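Please read this briefing alongside the structure shown below. The points are grouped by topic, and each may be followed in the display.

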Amino acid sequence: MPDYIERPRYFCSLGGALSTLEALPDTIPILHCASGCAGSIAWGQNGGSGLQVGGYCGGLTVPSSNVGERDIVFGGTDRLYEQIKNTIEIMDGGLYVVITGCVTEIIGDDVRACVSEYRSQGVNIVSAATGGFKGNSYYGYDIVMSEIFRQYVKKGAEKKKNRVNILGVVPYMDSFWRGNLEGIKSLLALLGLEANTFFTAEDSLEDLQNAGSAELTVVVSDLYGIEAAQTLRQEHDIPYITATLPVGPSASAALLRSVARALSLDIDVEAIIEEQSRRYYKYLEPLIDCYNDLDLQKYAVIVADVNYAVSITRFLQDDLGWIPELVQFTDVLDEQRRTAITEKLADQNQGIIPKIVFDTNASEAVRYLNELYPKQGDDLYAKSFTPAFVIGSSLERDLAQKIGAPHLSVSYPVANRAVLNRGYTGFDGGLTLTEDLLSAAVAGR
Amino acid sequence: MGYLDYKEAPKRESRLKACIAYGGTLCGLAKKAGCGCMDDGERSFSQGSICLMLPGLAMINSLPDNVTLLHGAVGCGVCSHSQNANVRSGGFARTGSVKDALWLSTALNEADVISGGEAKLRRAIIKADRLYRSRTITVVTGCVPGIIGDDVESVVREIQPEIAARLILVHCEGFKTKIWATAYDAVYHGLGRSVLDDPPERPSLIENEQEQIRLDYLRGRTVNLFNVSSMGRGDELELTRLLNSLDLDVNIFPVFTKPEEMYKVKYAALSISTCPTHDDYFLKYLKEEHAIPYIIKHMPIGIENTNAWLRDVAKFFGKEDVGERIIQNEQRQLELALTEYRAFFKGKTVFVSAGEFRALATAYLLHELGFDIVGIRSFHHDEFANVEYEKLQSVSEHDFTVNIANVQSYEEANLLRKLKPDLFLGHWNGNSTPSKMGIATHVIYNTGINYIGYKGAYDLARRLYKQLKNPAFNKNISKYTKLPYRESWYGENPFKYIKGGEVDA
């Protein structure tokens, strides 16, 4: 663990759990923590989630026990009992989920016992230990989804053919979570599959409760959601596969192949991929002239979370034909994960391997770039980092300005874009991303 | 011994008897507050709000050439992502260049919770000092070090000699106080203890009497203008314009003030607060330690409030006549500009919700614009605001709802369903309840737009006109979204869950 993290690009595990619950349909989160946690997280979404805050029960409407000094001395469980009882009385939801913050976990409140008492009275209620010191918001997603799968999803459900669960896209951490999940749903529909995505406008609590009937869980991330998928395997006997977030034609094709293989589908996957690719490139056809005339092929720096750093780098390299030079991962990752993720980028057809760094201090990107392209004074033949493009969060505007490159925010924080149903997954997502990249490149045209 | 001699600022519950639970009416509150018998209560159902760390960071993140080092779990301080927008635009408005705020987190994990976070904090300070070379590093503590008992004072004191940056310590353990206005005291406490030293003097060989006379003259006509983090540059310029017209020089403090220039606050003829909730702690310190008198009475939002605010300053400098001429002139121009809006606003009902002084001053302005006030929610209550409630009471034709609550949107939803106002003005992240009910809304502060002084009154009127002219966004949303409350809740007493506090309904 580093001694500090610069401008952390994630919330704490409580923040991730809360954001996850806010994105679920008809769900009432109940925070057992100090009063400021809810607000801090709402402000965090406000500042980085593509202008999206809260949901059905989010922002400053989430029930919270707001424990203070007295509760810390005497314990906060009495307050929690009272809070849950009154939450059920006032708040209208199909599922109540108690999540804990640092304070109540350090003092050791027995939340589980309290919640099971209400569950035994027939209330749909779940608890998850998400104290902020446990990890970041991506981990909070895994903790809370795991607990929901354990405590809420129906056990022993009969497996339903062609039904799959999707995990790995973390609401609000990925500003494009709705569009991305819809893109994956449509992609898998090409194989005749019905994907349970949990967090889109089409999803319901009933689908969540029946998640145990899926044949397979597809984790569309090389890191996030894997623990939750393991819980589904343990508790509901559902195998899982992991895949890179499928942005653009190559990654989408790879996902279709691996899902078809995992489910042993009797279907001509290659024909589907061929048809989708033909459609994809048909859209690019009229772009050819301008793409060439404006010299829109770029060198790229990518500073992002695991999902976007891997998927965007691969898209640029495999599909769009750009040259990623530097990829900086801003997550805190152990050595084993670093190796596994590095392999995802090394496995390339064109043999282009960008410099990969794992560093939570994003302002260091300039230094890494200077190592690759040392400043060479007024040498006429200096190898300069041009034409370049910066893809990352809105905090990379500074880097982009320093090197005089256009920029696109995709990874948290996305402060400078409004996001509603936009997504970058699937074949269509590749077109959308191409539009956004090239629009930024020609913004001054 | 003054407060600044203590390790940290006392919480406002004890210092000012501030409270967060009351439900009733303007008259009811005035009676209680008047006889000094406000008791704070608890809620048996509560919703999340903010803690002192948010307003604290809003101030600290604005300081130029400062690194904010949060000592806590990784989520404490994520509000900085939202505040960064203000740092960028506010910095641009003041300096012409855009810069992101710089904040770091020690991101305490499970191992740190067990073994303590002091060593990690020490290493983080050293590394941050070496890497960023900032003038100041402000260490801000969250709940975790407060509970596990990290001795942050000692870490900061012991390491200061090894550090090039000046270290500032601000305590923001959220569980310690329910009154987040304690944040202002905490920040002033940190600044007051660390960065008010005079710059090193250049030794002069001969005594320069003339220079001393010049300095005394300038200081004699300089006022400290205390800004707040919810105030944009436009609002600052408006107040500066008014003070300049009294022939006064203005030293703005503390938001966006360079740490190396903060010492100037000790050399002024007068300190003027723009928000009595905000500054009393530090104004009293400046008076006691540096003999600078202060005015902390009105918030210059609204026409009469701005008049009164300016009048007090003019009076202090014996410039009553000039002050009156300025006020008359300003008011004449403003009245003319407001004519078309007044007719449009007349009789429309409005509900206001925000920090206490902001809510009350804005309500007074809305009354001046012709609105009919049907309810006010203040995020806390203390004695400074009593005079504002009295002002409203003296001009209101009827009594109206007053609710003291640290947000608690469920009480708000219940009240709004009953009162059905035409317009709602709410805090940042505090307009979703009325929006989902189809009520026209407007944010009660946003640093990019103006609210303060005469210009602010006009600009606010224009924006409210815009909202009321076409509230389709909220109207449409309300048809297809629902607030997360059971229908039965709307039939209940809105203050049902306040226990042991003050309820008059």
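The points below treat the interface, the sheets, a helix pair and some individual residues.

This is a predicted model. The contact between the two chains takes 63 residues from chain A and 56 residues from chain B. An open sheet of five strands includes β1(A) along with strands of chain B.

- Seven elements of chain B each supply at least two residues of the side that touches chain A, namely α3 (53-60), α4 (80-95), β4 (103-105), α5 (110-115), α6 (118-132), α7 (143-148) and α17 (409-419).
- Of these, α6(B) gives the most to the side of chain B that touches chain A, with five residues.
- By class, the residues on that side of chain B divide into 30 nonpolar, 18 polar and eight charged.
- A:Gly68, in the loop between α2 (36-48) and α3 (69-74) of chain A, touches B:Phe175 and B:Lys178, not counting residues up to four places away in sequence.

**The five-strand sheet**

- The strands of this open sheet follow the order β1(A)-β4(B)-β3(B)-β5(B)-β6(B), and their pairing is mixed.
- The edges are held by β1 of chain A and β6 (166-171) of chain B; each has a single partner strand, so one side of each is left without a neighbour in the sheet.
- α6(B) packs on the sheet and touches β3, β4 and β5 (136-141) of chain B. The direction of α6(B) makes about 160° with that of β3(B).
- Strand β1 (residues 5-6) of chain A pairs with β4(B) in the antiparallel sense, over two bridges.
- Strand β3 (residues 66-71) of chain B runs parallel to β4(B), and three bridges join them.
- Which residue of β4(B) stands opposite A:Glu6? The residue is B:Leu104, and B:Leu69 also stands opposite B:Leu104.

**Further strand pairing in chain B**

- Strand β7 (residues 222-226) of chain B pairs with β9(B) in the parallel sense over four bridges. In this region B:Val223 stands opposite B:Leu270 of β9(B).
- β9(B) also pairs with strand β10 (residues 294-295) of chain B, in the parallel sense and over two bridges. Here the bridge partner of B:Ser271 is B:Tyr294 in β10(B).

**A helix pair in chain A**

- Helix α7 (residues 137-151) and helix α10 (residues 226-236) of chain A pack at an angle of about 15°, and their axes are 8 Å apart.
- The two helices α7(A) and α10(A) are therefore roughly parallel to each other, and α7(A) passes α10(A) in a right-handed crossing.
- On the side of α7(A), the contact is made by A:Asp142, A:Met145, A:Ser146, A:Phe149 and A:Arg150. On the side of α10(A), the contact is made by A:Glu227, A:Ala228, A:Thr231, A:Leu232, A:Glu235 and A:His236.
- By class, the contact of α7(A) with α10(A) has four nonpolar, three polar and four charged residues.

**Cis peptide bonds**

- In chain A, the peptide bond from A:Tyr412 to A:Pro413 is cis, with omega near 0°. A:Pro413 is found in the loop between β13 (407-409) and α18 (426-441) of chain A.
- In chain B, the peptide bond from B:Phe253 to B:Pro254 is cis, with omega near 0°. B:Pro254 is found in the loop between β8 (249-253) and β9 (270-273) of chain B.

**Residues with positive phi, and burial**

- B:Lys17 has a positive phi of about 55° although it is not a glycine. B:Lys17 lies in the loop between α1 (12-16) and β1 (22-25) of chain B.
- B:Gln408, which is also a residue other than glycine, has a positive phi near 50°. B:Gln408 is found in the loop between β13 (401-404) and α17 of chain B.
- Is B:Gln408 buried or exposed? B:Gln408 counts as buried because it has 28 C-beta neighbours inside 10 Å, whereas B:Lys17, with 14 such neighbours, counts as partly exposed.
- A:Gly68 is buried because 20 other C-beta atoms lie within 10 Å. The C-alpha atoms of A:Gly68 and A:Cys33 are separated by 8.7 Å, while the two residues are 35 residues apart along the chain.

Note on methods: Residues numbered from 1 in each chain as written. Chains lettered and ligands numbered in written order. Predicted model: local features only at pLDDT ≥ 70, side-chain atom pairs only at ≥ 80, totals over all residues. Axes fitted to C-alpha atoms, helices over the stretch in contact; angles between N-to-C directions. Parallel < 35°, antiparallel > 145°, perpendicular 65-115°, else oblique. Left-handed = near helix turned anticlockwise from the far one by under 90°. Contact = placed C-beta atoms within 7 Å. Nonpolar A, V, L, I, M, F, W, Y, C, P; charged D, E, K, R; others polar. Pairing = 2+ DSSP bridges. Buried ≥ 20, exposed ≤ 12 C-beta atoms within 10 Å, placed from the backbone.
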